Amino acid sequence: VQLQASGGGLVQAGGSLRLSCAASGRIFSINVMGWYRQAPGKQRELAATITRGGRTNVADSVKGRFTISRDNDKNTVYLQMNSLKPEDTAVYCCYAEIATFAGRLSDYWGQGTQVTVSS
């Protein structure tokens with residue numbers, strides 16, 4: 001199982017970016033998918049998660065600006081980030097709780113994608 005993230009980059013404050021993360025491999029089902037972020041010198045923190053049924057959990061720091069969604073048919077999670085602020089600068093990592101055909105339920109992480117917001 002692999003998670004492949006894309007969509008990071010450099011943007012000015014007030015701009016937007018859309019992150020995508022696609023899961024591939026011998027996947028039976030995916031429960032929770034989401035995004036965490038880690039800024040330089042800080043601990044990793046939750047940005048947003050979404051269940052298979054569409055229930056979301058969004059961090060207060062990004063609520064109203066970030067929207068998480070997923071396409072279950074494509075095993076893909078998205079993070080639409082609007083009104084970006086310099087403090088959103090971080091490495092964003094996607095996450096998924098995946099059940100494989102082998103009957104195992106495990107947490108998987110994608111490679112990080114850098115988001116840099118200039119003031």
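Colleague: Which residue stands opposite cysteine 93 in β9?
Modeller: This is a predicted model, and in it β4 and β9 pair in the antiparallel sense over nine bridges. Within β9, cysteine 93 has a residue standing opposite, and that residue is tyrosine 36.

Colleague: How far is the sulfur of cysteine 93 from the closest cysteine sulfur?
Modeller: Cysteine 93 counts as buried, at 19% relative accessibility. A disulfide requires two cysteine sulfur atoms within 2.5 Å. The closest cysteine sulfur to that of cysteine 93 belongs to cysteine 94, and it is too far for a bond, at 7.4 Å.

Colleague: Which cysteine does a disulfide join to cysteine 21?
Modeller: The count comes to one disulfide, and its two sulfur atoms lie 2.1 Å apart. The partner that the disulfide joins to cysteine 21 is cysteine 94.

Colleague: How many residues apart in sequence are the parts that cysteine 21 and cysteine 94 tie together?
Modeller: The link of cysteine 21 and cysteine 94 is right-handed, with 50° about the S-S bond. Because cysteine 21 lies in strand β3 and cysteine 94 in strand β9, which covers residues 90-100, the pair ties together parts whose separation in sequence is 73 residues.

Colleague: Is serine 20 buried or exposed?
Modeller: Serine 20 has its place in strand β3, residues 17-24. Not counting residues up to four places away in sequence, serine 20 touches Gln4, Ala5, Ser6, Trp35, Val77 and Tyr78. With a relative accessibility of 18%, and the limit for this class being under 20%, serine 20 counts as buried.

Colleague: How many of the 11 residues of β9 are buried?
Modeller: Besides its pairing with β4, strand β9 runs antiparallel to strand β11, residues 113-118, with three bridges joining them; there, the bridge partner of valine 91 is glutamine 114. β9 also pairs in the antiparallel sense with strand β10, residues 105-109, over five bridges. β9 is largely enclosed by the rest of the structure, because the number of its 11 residues that are buried is nine.

Colleague: Which residue takes a positive phi in the hairpin of β9 and β10?
Modeller: In the pairing of these strands, glutamate 97 stands opposite aspartate 107 in β10. The hairpin has four residues between the strands, and the residue with a positive phi, near 90°, is glycine 103.

Colleague: What is the relative accessible area of glutamine 43?
Modeller: Glutamine 43 is placed in the loop between β4 and β5. Leaving aside neighbours within four places in sequence, glutamine 43 is in contact with Arg37 and Gln38. Glutamine 43 is exposed, and its relative accessible area is 72%.

Methods
Residues numbered from 1 in each chain as written. Predicted model: local features only at pLDDT ≥ 70, side-chain atom pairs only at ≥ 80, totals over all residues. Heavy atoms only, no water. Helix = DSSP H or I, 4+ residues; strand = E, 2+ residues; numbered from the N terminus. Buried < 20%, exposed > 50% of the residue type's maximum accessible area, 1.4 Å probe, protein only. Contact = heavy atoms within 4.5 Å. Pairing = 2+ DSSP bridges.
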